[in-house]
Amino acid sequence: MPCLSCNDLKVSFRIQKKSAYAVRGVSFSVGDRRTLGIVGESGCGKSVTAAAIMRLVPTPPGKIESGSIRFEEKELLAIPEKEMCGVRGRRISMVFQDPMTSLNPVFTCGYQTAEPLILHKGMDKRAAAELSMELFSEVGIAEPKRVFSSYPHNLSGGMRQRVMIAMALACSPRLLIADEPTTALDVTVQARLLELLKKLQDTKDMSMILITHNLGIVTGMAHDVIVMYAGEIVESAPAQALFESPRHPYTECLLKTIPSIERRGERLTVIPGTVPTPLEVPEGCPFHPRCPKAKDVCKKDHPPLHRVDGGGNGVNIDNDGDNGKHHVRCHLYE
Ligand code: SF4
């Protein structure tokens, strides 16, 4: 039984009096104590998928049109908002991209970390404060007392993100969603925080969804990876299979954009063009205007998902028991 399974999720936004789909039929599952990496450029629907899992899609203009999200025997899209409040922050937590805009500037870091402990676990203020400071130590904050009474603007970016992680872990969630957790940080702090997330996941028996635009970040972190483009999954596989033998031209392009010491002196690869907005998704394969391998059929026919070679377990793209196989949405594999 997976920790979370998402089936045929569709999310739309009302833009210019039209419904535009930001997520178009996404299906995946996250195994117990496994990390799923969701990768793609900005605007591919990764964060909207995460917001839908947390039921935080702003409505209006957003709307979860259809699909299913099952977590701990519950259908999250069907339970009342009051029940969802007991899941959010307690059983599923989220670390957001930019801690400066996610932390409340008018409350101390200690107040904000203790709040979920008081709300969800019924702790009194003193016990919540003590546990908050323990959590600060656990995430590598050297002066937990000082940080407890500091406001977010008193701290560096790396420290603020550690506070966010401590808040997310406060109620020992079963699933942690980390949405671009290190994008706003410099490279050395980034590496330390990723190491910390990995260690915490191992010690706390959590599952994790790691969302990033950088395939390099999921290397060594994720067990399974899905690659999204224009609101749909274009490739999914166990991480090793995806890195060793990427099949979709978009994944190949993403991998080539990772700077490498072996390619020192060469110009960095860029993917021409930009991700289409949900209002401008082209007919056929949405990637065809940018694809170096596009054929005539790609301009007309939308490719279905094909199963190609692969192994392992974890990602279940169709929720049909076809676990851990390598799937690609591309006419090249028909
Ligand atoms: Fe490229 Fe065609 Fe495959 Fe799309 S379907 S990724 S355009 S080859």
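User: I'm new to this structure. Where is Arg-88 found?

Analyst: Welcome! Bear in mind that this is a predicted model. Arg-88 lies in the loop between α2 (81-87) and β6 (92-95).

User: Is Arg-88 buried or exposed?

Analyst: For that we look at relative accessible area, where buried means under 20%. Arg-88 has a value of 17%, so Arg-88 counts as buried.

User: Which residues does Arg-88 touch?

Analyst: Leaving aside residues up to four places away in sequence, Arg-88 touches Met-54, Arg-55, Leu-56, Glu-81 and His-120. With Arg-55 you can look at one atom in particular: the side chain of Arg-88 reaches the backbone oxygen of Arg-55 at 3.5 Å.

User: Now a strand, please. Which way do the residues of strand β12 point?

Analyst: Here is the general idea: in a regular strand, side chains alternate between the two faces of the sheet. Now the case here: in β12 (residues 326-329), His-326 and Val-328 point one way, while His-327 and Arg-329 point the other way. All of these residues are buried.

User: How many bridges join β12 to strand β10, and how many to strand β11?

Analyst: Let's take the partners in turn. Strand β10 (residues 232-238) runs antiparallel to β12, and two bridges join them. In that pairing, Glu-235 stands opposite Val-328. Strand β11 (residues 305-308) also pairs with β12 in the antiparallel sense, over four bridges. There, Leu-305 is opposite Arg-329.

User: In what order do the strands of the open sheet come?

Analyst: To read a sheet, follow each strand to its neighbour. The open sheet here has four strands in the order β2-β1-β4-β5, with antiparallel pairing. Its edge strands are β2 (18-30) and β5 (74-75), each of which pairs on one side only.

User: Over how many bridges do β1 and β2 pair?

Analyst: Strand β1 (residues 4-15) and β2 pair over ten bridges, in the antiparallel sense.

User: Why does Val-106 count as exposed?

Analyst: We use relative accessibility again, and here the cut-off for exposed is over 50%. Val-106 reaches 57%, so Val-106 counts as exposed.

Methods
Residues numbered from 1 in each chain as written. Predicted model: local features only at pLDDT ≥ 70, side-chain atom pairs only at ≥ 80, totals over all residues. Heavy atoms only, no water. Buried < 20%, exposed > 50% of the residue type's maximum accessible area, 1.4 Å probe, protein only. Pairing = 2+ DSSP bridges. Polar contact = N/O pair within 3.5 Å; in protein donor to acceptor, adjacent residues only side chain to side chain. Contact = heavy atoms within 4.5 Å.
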